Amino acid sequence: FKAHYRLELAERDLCVKGWNWGTVRFGGQLLSFDIGEQPVFEIPLSNVSQCTTGKNEVTLEFHQNDDAEVSLMEVRFYVPPTQEDGVDPVEAFAQNVLSKADVIQATGDAICIFRELQCLTPRGRYDIRIYPTFLHLHGKTFDYKIPYTTVLRLFLLPHKDQRQMFFVISLDPPIKQGQTRYHFLILLFSKDEDISLTLNMSEEEVEKRFEGRLTKNMSGSLYEMVSRVMKALVNRKITVPGNFQGHSGAQCITCSYKASSGLLYPLERGFIYVHKPPVHIRFDEISFVNFARGTTTTRSFDFEIETKQGTQYTFSSIER
């Protein structure tokens, strides 16, 4: 370097004690974790994709590198409470990170907002703000920004009681809440709920961008409006149940998977089970299926699916 670039290189001693507590310093685009005066590691804040806070804890999530086989997903810092009044050290830490991080910013106004939608996973009521490139889920405790590029599939499934509808959004990579990952976003709608919707765009913009798929003013069932807007923005077709009809007339089968009861929908190209935990199995990844005798009573049977990867799914307590 000295010979070719005429640069003087300064030597810095790194701390190799292996301690996991120290001081965090913010300088420019870097977060530096120091013990004493010696740095242990540095994190370029431009690599941070999300910063969430918990009780005395800050979690940094990083942009994934598709070329790397192994990449660092997140780092958590424990921030001890301080005696200073009026300053929350966790919030201060998070603001320092977010000021330099490469987080999806909500620039401009949302195209439309759906208020207080009932979400089954992650559980709770969320406001959904629809932006041109991502959707923003805003709840009491958690906020998620989901880019449309991470949406794999959309499903619209009628509930067995014929009064409710599930709207399922399949995500890859999933959204995270602490240690829990959610590969599916499940919204539950009542068929009776109606809404009048006005998009926050001019009629020319709506026509130019959506080519007749959406109009500036729309009204109808809430689930229809959400699915229409999502379909137009994500540019994916919505999967609905096929021609299957159970003996009760519903398009799904009541059964149990693991510990909880739910609904299994045979689709044109796969199965989907909602809602805890959600499972989507494509027909082309199934090795074989087996109808097994029920273990507890003779009035029900089990439906077993084995995939080509060797994963087994057992849907039990299906009525004969």
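Me: Is Asp 127 buried or exposed?

Reply: This is a predicted model. In it, Asp 127 is buried, with a relative accessible area of 10%. The cut-off for buried is under 20%.

Me: Which residue forms a salt bridge with Asp 127?

Reply: Arg 115 does, with the closest N and O atoms 3.3 Å apart. Asp 127 sits in strand β8 (residues 124-130) and Arg 115 in strand β7 (residues 112-121), so the bridge ties together parts 12 residues apart in sequence. Arg 115 counts as exposed, at 51% relative accessibility.

Me: How many salt bridges does a search of the whole structure find?

Reply: Six. One of them pairs Asp 34 with Arg 25, at 2.5 Å between the closest N and O atoms. Asp 34 is buried, at 7% relative accessible area. Arg 25 is partly exposed, at 34%.

Me: What does Arg 76 meet in a salt bridge?

Reply: The side chain of Glu 57, at 3.3 Å from N to O. Arg 76 belongs to strand β6 (residues 74-78) and Glu 57 to strand β5 (residues 57-62), so this pair ties together parts 19 residues apart in sequence. Arg 76 is partly exposed, with a relative accessible area of 33%. Glu 57 is partly exposed too, at 29%.

Me: Now helices. How do I read one face of a helix?

Reply: Start with the general idea. An α-helix has 3.6 residues a turn, so residues three or four places apart point the same way. Now the case here. Helix α2 (residues 89-100) has 12 residues. From first C-alpha to last, α2 reaches 18 Å, close to the 16 Å expected at 1.5 Å a residue. Its buried residues are Val 90, Phe 93, Ala 94 and Val 97. Seen down the axis of α2, the buried residues fall within an arc of 95 degrees, so they line one face of the helix.

Me: What do the buried residues of α2 pack against?

Reply: Five strands are listed: β1 (23-27), β2 (30-35), β4 (48-54), β5 and β6.

Me: And how should I read a nonpolar core?

Reply: In soluble globular proteins, nonpolar side chains tend to be buried together. In this model, the largest nonpolar core has 42 residues. Those with the most contacts inside it are Phe 114, Ile 130, Phe 167, Val 226, Val 229 and Met 230. Helix α4 (residues 222-234) gives the largest share of this core, nine residues. A second, separate core has 17 residues, including Leu 45, Val 48, Leu 60 and Phe 62.

Me: Which residues is Phe 167 in contact with, leaving aside its neighbours within four places in sequence?

Reply: Among them are Leu 154, Phe 155, Leu 185, Val 226, Met 230 and Ile 238.

Me: Last topic: aromatic pairs. How do I describe one?

Reply: A pair of aromatic rings is described by the distance of the centres and the angle of the planes. The count here comes to 14 aromatic pairs. Take Phe 33 and Phe 77: centres 6.3 Å apart, planes at 35 degrees, so the pair is tilted. Phe 33 is in strand β2 and Phe 77 in strand β6, 44 residues apart. Both Phe 33 and Phe 77 are buried.

Me: What about the rings of Phe 271 and Phe 303?

Reply: Their centres lie 5.5 Å apart and their planes are at 70 degrees, so the pair is edge-to-face. Phe 271 lies in strand β19 (residues 270-274) and Phe 303 in strand β22 (residues 300-307), so parts 32 residues apart in sequence are tied together. Phe 271 is buried, at 12% relative accessible area. Phe 303 is buried as well, at 8%.

Me: Which residues form one aromatic cluster?

Reply: Phe 26, Phe 33, Phe 41, Phe 77 and Phe 93.

How values were computed: Residues are numbered from 1 along each chain as its sequence is written. This is a predicted model: local features need pLDDT of at least 70, side-chain atom pairs count only at pLDDT 80 or more; totals for chains, interfaces and linings use all residues. Side-chain values use heavy atoms; hydrogens and water are left out. A salt bridge is a side-chain nitrogen of Lys or Arg within 4 Å of a carboxyl oxygen of Asp or Glu. Buried means under 20% relative accessible area, exposed over 50%, partly exposed in between (1.4 Å probe, protein chains only). Helices (H or I, at least four residues) and strands (E, at least two) are DSSP runs, numbered from the N terminus. The expected span of a helix is 1.5 Å times one less than its number of residues. The arc is that of the directions from the helix axis to the C-beta atoms. Contact means heavy atoms within 4.5 Å. A nonpolar core is a set of buried Ala, Val, Leu, Ile, Met, Phe, Trp, Tyr and Cys residues joined through side-chain atoms within 4.5 Å. Rings of Phe, Tyr and Trp (its six-membered ring) pair if their centres lie within 6.5 Å; planes under 30 degrees apart count as stacked, over 60 as edge-to-face and the rest as tilted.
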